[in-house]
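Student: I would like to go through this protein with you, one question at a time. Please show the sequence and the structure before we start.

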Amino acid sequence: MAEDRKAYMIKDDNLGEVRIADEVIAIIAGLAATEVEGVSSMAGNITNELVSKLGMKNLSKGIKVEVTDNTVSVEVALNIAFGYAIPEVSAKVQEKVKTAIENMTGLEVSSVNIRIAAVDLGKNK
């Protein structure tokens, strides 16, 4: 494992330990956020469609993860599609990100802070 990456131990038993890199938590958050209707893309224009071409690491851009004592705090920067209510979309993103991280890692999510970086004025339909 690279020295500059953080990893968090979530399980240590007789069989060994399980560690999760902070980048993995960020990717989980990014995937969950981009699945919400009204989210145009992550800040930096990373969409779910581009992930397959650019790779998963790019999805973690615009996301900050902080883990303290098995509790996660996440900051997500989003581009929202024009015409959607920011409070409603943000609440859905917060819930989806929280649920995804808790279900996949077993860590408790203390906060999911949303920053709207831009409004996407639309795509040609």
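Tutor: Asp69 lies in the loop between strand S4 (63–68) and strand S5 (71–81); helices (H or I, at least four residues) and strands (E, at least two) are DSSP runs, numbered from the N terminus. This is a predicted model, in which local features need pLDDT of at least 70, side-chain atom pairs count only at pLDDT 80 or more, and totals for chains, interfaces and linings use all residues. Residues are numbered from 1 along each chain as its sequence is written, and side-chain values use heavy atoms, with hydrogens and water left out.

Student: In what order do the elements of the protein run from the N terminus on?

Tutor: The secondary structure comes to 3 helices and 6 strands. From the N terminus on, the order of these elements is β-β-α-β-α-β-β-α-β.

Student: Is Asp69 buried or exposed?

Tutor: Buried means under 20% relative accessible area, exposed over 50%, and partly exposed in between (1.4 Å probe, protein chains only). Phi of Asp69 is near 50°, a positive value in a residue other than glycine. Most residues other than glycine have a negative phi. With a relative accessibility of 73%, Asp69 counts as exposed.

Student: What is the phi of Asn70, about?

Tutor: Asn70 also belongs to the loop between S4 and S5. Its relative accessibility is 43%, so Asn70 counts as partly exposed. Asn70 is not a glycine, yet its phi is positive, at about 60°.

Student: How far apart are the end C-alpha atoms of helix H3?

Tutor: Helix H3 covers residues 86–105, which is 20 residues. The expected span of a helix is 1.5 Å times one less than its number of residues, and for H3 this gives 28 Å. The end C-alpha atoms agree with that figure, being separated by 28 Å.

Student: What arc do the buried residues of H3 cover around the axis?

Tutor: The buried residues of H3 are Val89, Ser90, Val93, Val97, Ala100, Ile101 and Thr105. They are on the same side of H3, because the arc they cover around the axis is only 105°. The arc is that of the directions from the helix axis to the C-beta atoms. The value asked for is 105°.

Student: Which exposed residues does the face of H3 turned away from its buried side carry?

Tutor: H3 is followed by Gly106, which has a positive phi near 80°. On the helix itself, the face turned away from the buried side carries the exposed residues Pro87, Glu88, Lys92 and Asn103.

Student: How many residues of H1 are buried?

Tutor: Helix H1 (residues 22–34) has 13 residues and reaches 19 Å from its first C-alpha to its last, close to the expected 18 Å. Its buried residues include Ile25, Ile28, Ala29, Ala32 and Ala33. H1 is mostly covered, and the buried count is 11 of its 13 residues.

Student: At what angle do the axes of H1 and H3 cross?

Tutor: Contact means heavy atoms within 4.5 Å, and Ile25, Ile28, Ala29, Ala32 and Ala33 in H1 meet Val93, Lys96, Val97, Ala100, Ile101, Met104 and Thr105 in H3. Axes are lines fitted to C-alpha atoms, for helices over the stretch in contact, and angles run from 0 to 180 degrees between N-to-C directions. The axes of H1 and H3 come within 8 Å, and the crossing angle is roughly 140°.

Student: Why are H1 and H3 called oblique to each other?

Tutor: Angles under 35 degrees count as roughly parallel, over 145 as roughly antiparallel, 65 to 115 as roughly perpendicular and the rest as oblique. The axes cross at roughly 140°, and H1 and H3 are therefore oblique.

Student: Which residues is Val109 in contact with, leaving aside its neighbours within four places in sequence?

Tutor: Val109 lies in strand S6, and a relative accessibility of 5% means that Val109 counts as buried. Beyond the neighbours within four places, the contacts of Val109 are Val72, Lys98, Ile101 and Glu102.

Student: How far apart in space are Ser110 and Thr71, C-alpha to C-alpha?

Tutor: Ser110 is found in strand S6 (residues 108–120). Neighbours within four places aside, Ser110 is in contact with Thr71, Val72 and Ser73. Ser110 and Thr71 are 39 residues apart in sequence, and their C-alpha distance is 6.2 Å.
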